[in-house]
Amino acid sequence: METLFWISTFTILYSFAGYGILITLLNKWKKKKNTNTAFSEEDWPEVTLLIAAYNEAEIIRQKIANCEKIDYPKDRLKVLFVTDGSTDQTNDIINQYNSVSFSFSPERKGKIAAVNRIMRYITSPITVFSDANVMMNPGAIKALVQPFESNLMGAVSGEKIVLSETEDNASASGEGFYWKYESFLKKQDAEWNTLVGSAGELFAIRTRLFVPTEENTLIEDFVMTMRIAADGYKVGYEPSAMATETASANIAEETKRKVRISAGGMQAVIKLVKLLNVFKYGKLTFQYVSHRALRWTLMPLALIGAFASTLWLADTHWFYNIAFRAQSIFYLLAFFGYVIRDQKTSYKLLHIPYYFVYMHICVVKGWIKYFKGNQKVTWDKSERVILKSSENQLSVVRN
């Protein structure tokens with residue numbers, strides 16, 4: 001039991017604190033290279049902004065207006081919507097605008113199938129992927145394209161930003177605290193070696209590096225960019241390229257997203273099993289296991305192991321007794337967070353213990369859905385928070 005306790009505790013602490021400390025120290029010891037090269041105004045490459053949309057009539061005008069405000073040479077930027085399977089007015093609305101184009105197939109097979117279908121026709125050297133429900137800042141495309149001045153750069157990820165209110169429920173506030181830490185880790189990862197995966201809401205690749213992803217892939221953005229990294233290219237991170245959206249309306253809606261990502265995470269671990277070969281991939285394997293694979297595989301088991309072992313050992317030593325009591329208090333706070341999960345409060349720390357436990361419950365649910373084959377590639381859109389218009393009631397959370 002003592003062995004179980006120490007293995008479980010190490011896994012938990014390393015995954016959520018130790019790796020962050022270690023990668024920060026590695027960055028401090030790394031010799032920084034001068035990377036100040038930049039495209040001149042006449043040298044910006046041609047870019048295709050590819051947006052996969054399914055039944056987005058409610059927001060598509062806002063998305064097109066957002067695309068029209070992008071600060072990039074107009075003669076070198078093509079905005080292309082892929083609207084496979086849409087049955088609402090999405091296509092009719094897009095057809096009203098001369099600034100964008102679209103490709104449509106009546107069959108709905110999922111986002112990656114639509115992307116695979118259209119990518120063979122894209123000739124621009126850079127392709128930027130964005131979701132229909134997120135809005136970009138005007139400088140986002142330039143920020144994403146700039147790092148491609150280096151021939152080693154294969155892909156660049158932007159940053160997802162979640163708008164939230166001063167008072168939020170567990171879904172918005174829990175997600176916010178978690179992703180603030182994730183943003184920190186992404187910055188450290190990219191500076192030390194390469195970003196581990198990318199934000200599907202906004203990322204760019206060298207078009208020639210695109211390889212069709214299997215159509216059953218659940219988190220295609222992660223798998224696509226990890227394969228690019230495995231081929232020896234760098235995946236960069238540009239927090240100044242921002243994709244903004246609102247949080248899920250409540251925990252029930254957030255659960256749809258979290259379970260799908262967790263199922264996709266388990267699938268990705270299987271699809272990317274070659275990346276566990278540290279002798280071949282070195283730094284990338286270290287980052288991938290530390291930042292992603294551990295969380296998608298061992299973390300729920302480690303939480304159970306840590307609690308069960310201290311319950312067993314509590315009467316044998318004061319240290320294990322304190323460890324058991326500390327965990328018990330934490331899980332009581334998580335239960336309290338569960339009770340108030342859909343209540344909005346400005347004391348957002350109250351939601352953190354619950355959200356931590358909730359995330360790992362979603363991981364287990366994701367395992368079950370994936371291995372039972374119940375997680376579809378296509379999915380229904382989640383309800384999002386409708387924010388108040390007053391600017392002083394909003395904040396942003398980087399994801």
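How many of the 6 residues of E1 are buried? Five would be your guess if you had peeked: E1 is mostly covered, with 5 of its 6 residues buried. By buried I mean under 20% relative accessible area, with exposed over 50% and partly exposed in between, using a 1.4 Å probe and protein chains only.

Okay, some housekeeping. This is a predicted model, where local features need pLDDT of at least 70 and side-chain atom pairs count only at pLDDT 80 or more, while totals for chains, interfaces and linings use all residues. Residues are numbered from 1 along each chain as its sequence is written, and side-chain values use heavy atoms, leaving out hydrogens and water.

Now the overall picture. We have 13 helices and 9 strands in the chain; these are DSSP runs numbered from the N terminus, H or I of at least four residues for helices, E of at least two for strands. Of the 399 residues, 54% are buried. Take contacts, meaning heavy atoms within 4.5 Å: among those between residues at least 6 apart in sequence, 81% join residues at least 24 apart. The chain exposes about 19100 Å², and carbon and sulfur atoms supply 60% of that. Those areas come from Shrake-Rupley with a 1.4 Å probe, and for residues only the protein chains shown count as cover.

Back to E1, which is residues 47-52. Its partner is E2, residues 77-82, and the two run parallel, joined by 6 bridges. For strands to pair, DSSP has to find at least two bridges between them.

Asn-55 has a positive phi of about 50° although it is not a glycine. At 18% relative accessibility, Asn-55 counts as buried.

Then comes H2 itself, residues 60-68, whose buried residues are Ile-60, Lys-63, Ile-64, Asn-66 and Cys-67. They cover an arc of only 160° around the axis, which puts them on the same side of H2; the arc is taken from the directions from the helix axis to the C-beta atoms. And what covers them? The cover includes E1, E2, helix H3 (90-94), strand E4 (126-131) and strand E5 (135-136).

A couple of single residues next. Glu-159 lies in strand E6, residues 153-165, and at 1% relative accessibility it counts as buried. The Glu-159 side chain makes a polar contact with the side chain of Ser-183 at 3.3 Å. That term means a pair of N or O atoms within 3.5 Å; within protein, one must be able to donate a hydrogen and the other to accept it, and residues adjacent in sequence count only if both atoms are side-chain atoms.

Gly-110 is in the loop between strand E3 (101-103) and helix H4 (111-119), and counts as buried at 13% relative accessibility. Gly-110 and Thr-217 are 107 residues apart in sequence and 9.6 Å apart in space, C-alpha to C-alpha.

Last stop, H13, residues 352-372. At 1.5 Å a residue, its 21 residues should span 30 Å, and the end C-alpha atoms are 30 Å apart, which agrees. The expected span is 1.5 Å times one less than the number of residues. Buried residues in H13 include Tyr-354, Phe-356, Cys-362 and Trp-367. Just after H13, Gly-373 takes a positive phi of about 75°.
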